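This briefing goes with the sequence and structure shown below. The points are grouped by topic.

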Amino acid sequence: MAVRAEMEEVEKNRVRVKVEVPAEEISRAVDGAFRAIAREVFIPGFRKGKVPRRVLQARLGMEPIYDEVKQSKLPEYYAEALKQLDLEPIDEPEIDVDEIEIEDGKPLAFEAVVEVKPRVELDHYKGVEVERPEEEVADEEVERVLDGMRERFAQLEVASGKTLAEGDYALIDFNGTVNGVEFEGGSARDFMLEIGTENIWPEFNQELAGKRKGDILDIRVKMPEQFPDQELAGKIASFKVIVKEVKVKKLPEANDDFAREASRFDTIAELREDIRSRLEEAKRLQAKESVRRQALEKLAEGLEVDIPEKMVDDYVHQRRHELEARLASRGIALDSYLKAVDYTEQRMEEEFQEEARRLIRNELVLDAVIRAEGIEVSDEELEQEIARRAEMFAVKPEEFRRVVKERGDLEELRESLRREKALDLLGDHAVFAGEGEKEEEPAARGEEESGAEAAEPEAVEEESGAEAAELESGAQD
């Protein structure tokens with residue numbers, strides 16, 4: 001479409017877009033409007049859609065025709081103008097539609113005022129100085145992973161006559177009441193409790209330490225003021241506890257028998273070597289990511305840019321909506337959640353705002369690198385990424401592609417790949433502080449495991465604490 005577009009800055013991050021549409025295009029739009037209206041109106045003596053233009057014009061005049069052109073074609077002309085000017089609007093445009101005059105056979109001109117995403121230029125984004133990440137694997141790290149595997153294969157053994165100490169296990173029955181009334185979740189039988197963990201009231205850890213099988217305790221617990229159940233919050237709960245057994249954890253010895261039981265290796269030496277190899281690969285990937293992030297954040301911190309509040313507000317709204325949706329899926333209201341994690345709504349929103357400004361600055365840096373380097377993503381690269389993600393979600397690539405396309409997210413996926421390329425470029429050209437050029441070890445995207453995956457020795461797993469740390473981890477995205 002051959003529209004002509006010009007732009008002038010009205011104020012910071014706010015521009016006036018001037019659009020002129022050629023007369024030929026307006027004539028085609030007017031013809032289209034006549035056809036569209038002819039399909040809608042009923043005029044005696046004519047079938048719908050078959051009313052001649054001259055009859056329609058005589059009956060209706062040109063005003064409805066021009067209104068149809070404005071309604072159906074202005075968004076198209078405006079979008080084309082934005083594309084020509086390479087502008088990213090962050091809000092709806094202000095267009096005085098009533099002032100726009102259309103006349104068949106003549107050019108159409110209109111103006112739109114809109115707030116746009118800021119654009120920054122970077123003078124020096126290659127050779128950013130970063131700190132060299134630690135990549136060496138210490139023997140202690142290998143042993144920690146091995147100990148973790150031994151913990152998973154540990155067995156609990158009865159320790160007759162032993163008093164409970166940190167790390168021991170107590171098999172207990174307990175019955176809790178508040179003001180003499182039992183409450184949900186306050187009682188259990190044959191409950192196995194590890195002394196010293198943070199998974200139960202601190203008073204239980206304190207009172208059970210030093211006790212032995214057969215001891216009966218009365219433990220008083222002050223329920224937290226932020227306890228989700230309002231009826232119990234801040235009240236004193238009394239627990240009658242019976243110690244039924246004391247057990248200790250017995251770890252398997254780190255020998256060849258354990259290696260054969262816990263892994264695919266025949267000797268403990270081979271298992272240790274495998275753990276070391278995986279840790280080295282994990283650290284290599286983490287180091288690469290660290291270099292990329294350091295370079296990006298250093299450039300972002302140095303940006304002189306006014307971030308529109310609209311962008312920040314939109315991000316905060318989105319984060320809040322996502323959080324509420326996740327909580328709702330578990331039947332938790334936002335205010336109950338905030339109370340449980342001792343957060344105020346204001347604190348949550350302030351952290352979201354801080355997170356928004358940091359991420360937007362990062363995004364502006366990457367956009368600047370993309371423009372400067374002319375970074376593009378081919379259809380083949382896009383399909384490779386679709387295949388990679390499809391494999392990750394265990395679905396067929398065509399199914400994944402269909403879902404992404406239906407959501408209108410294909411271009412967003414392409415843009416995320418452009419930014420990944422820009423981030424790779426920053427990392428590849430960064431230099432280590434005091435060392436000059438760093439050794440490059442480029443790797444094709446999609447061929448590398450994530451750091452976490454590579455760090456995972458065979459038969460070693462860890463639970464994610466992401467859900468429990470929702471607010472605290474929000475700024476780490």
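Glu406 is exposed, with a relative accessible area of 60%. Glu406 belongs to helix α12. The model is a predicted one, and the values here are computed from it.

- The side chain of Glu406 makes a polar contact of 2.7 Å with the side chain of Arg402.
- Glu406 and Arg371 are 35 residues apart along the chain, and their C-alpha atoms are separated by 28 Å.
- Phe393 sits in the loop between α11 (379-392) and α12 (397-406).
- Phe393 is exposed, because its relative accessible area is 53% and the cut-off for exposed is over 50%.
- Together with Met392 and Val395, Phe393 makes a nonpolar surface patch of about 310 Å².

**The largest pocket**

- The space in the largest pocket comes to about 1,800 Å³.
- Elements that give two or more residues to the lining of this pocket are α3 (63-85), α7 (268-301), α8 (309-329), α10 (345-373) and α13 (410-429).
- Helix α10 supplies nine residues, the largest share of the lining.
- The lining has 42 residues in total, and those nearest the centre of the pocket are Leu359, Glu363, Glu415, Ser416 and Arg419.

**Salt bridges between helices**

- The whole structure holds 54 salt bridges.
- One of them joins Glu345 and Arg320, with the closest N and O atoms 2.7 Å apart.
- This pair links distant parts of the chain, since Glu345 is in helix α10 and Arg320 in helix α8, 25 residues apart.
- Glu345 counts as partly exposed, at 42% relative accessibility.
- A further salt bridge brings together the side chains of Glu381 and Lys421, at 2.9 Å from N to O.
- Because Glu381 lies in helix α11 and Lys421 in helix α13, this pair ties together parts that are 40 residues apart in sequence.
- Glu381 counts as partly exposed at 30% relative accessibility, and Lys421 counts as partly exposed at 29%.
- Salt bridges that share partners also join Glu88, Lys117, Glu363, Asp367, Glu376, Glu415, Arg418 and Arg419 into one network.
- Among the members of that network are Glu363, Glu415 and Arg419, which are also listed with the residues nearest the centre of the largest pocket.

**Strands β6 and β7**

- Asp173 and Arg189 form a salt bridge through their side chains, at 3.6 Å from N to O.
- The two residues of this bridge come from distant parts of the chain, with Asp173 in strand β6 and Arg189 in strand β7, 16 residues apart.
- Asp173 counts as buried, because its relative accessibility is 11% and the cut-off for buried is under 20%.
- Ile172 is buried, with a relative accessible area of 0%.
- Between Ile172 and Ala300 there are 128 residues of separation in sequence and 55 Å in space, taken from C-alpha to C-alpha.

- Asn179 is a residue other than glycine with a positive phi, near 55°.
- The place of Asn179 is the loop between β6 (169-178) and β7 (181-194).
- Asn179 is exposed, with a relative accessible area of 68%.
- Asp190 is not a glycine either, yet its phi is positive, at about 50°.
- Asp190 lies in strand β7.
- At 48% relative accessibility, Asp190 counts as partly exposed.

Note on methods. Residues numbered from 1 in each chain as written. Predicted model: local features only at pLDDT ≥ 70, side-chain atom pairs only at ≥ 80, totals over all residues. Heavy atoms only, no water. Patch = residues over 30% accessible without salt bridge, like charges linked within 9 Å, V, L, I, M, F, W, Y side chains within 5 Å. Areas by Shrake-Rupley, 256 points an atom, 1.4 Å probe, with all protein chains shown as cover. Salt bridge = Lys/Arg side-chain N within 4 Å of Asp/Glu carboxyl O. Helix = DSSP H or I, 4+ residues; strand = E, 2+ residues; numbered from the N terminus. Buried < 20%, exposed > 50% of the residue type's maximum accessible area, 1.4 Å probe, protein only. Polar contact = N/O pair within 3.5 Å; in protein donor to acceptor, adjacent residues only side chain to side chain. 1 Å grid on protein atoms, 1.4 Å probe; cavity = no way out; pocket = protein on both sides within 12 Å on 5 of 7 lines; lining within 4 Å. Points joined across faces, edges and corners; volume = space filled by probe spheres on them.
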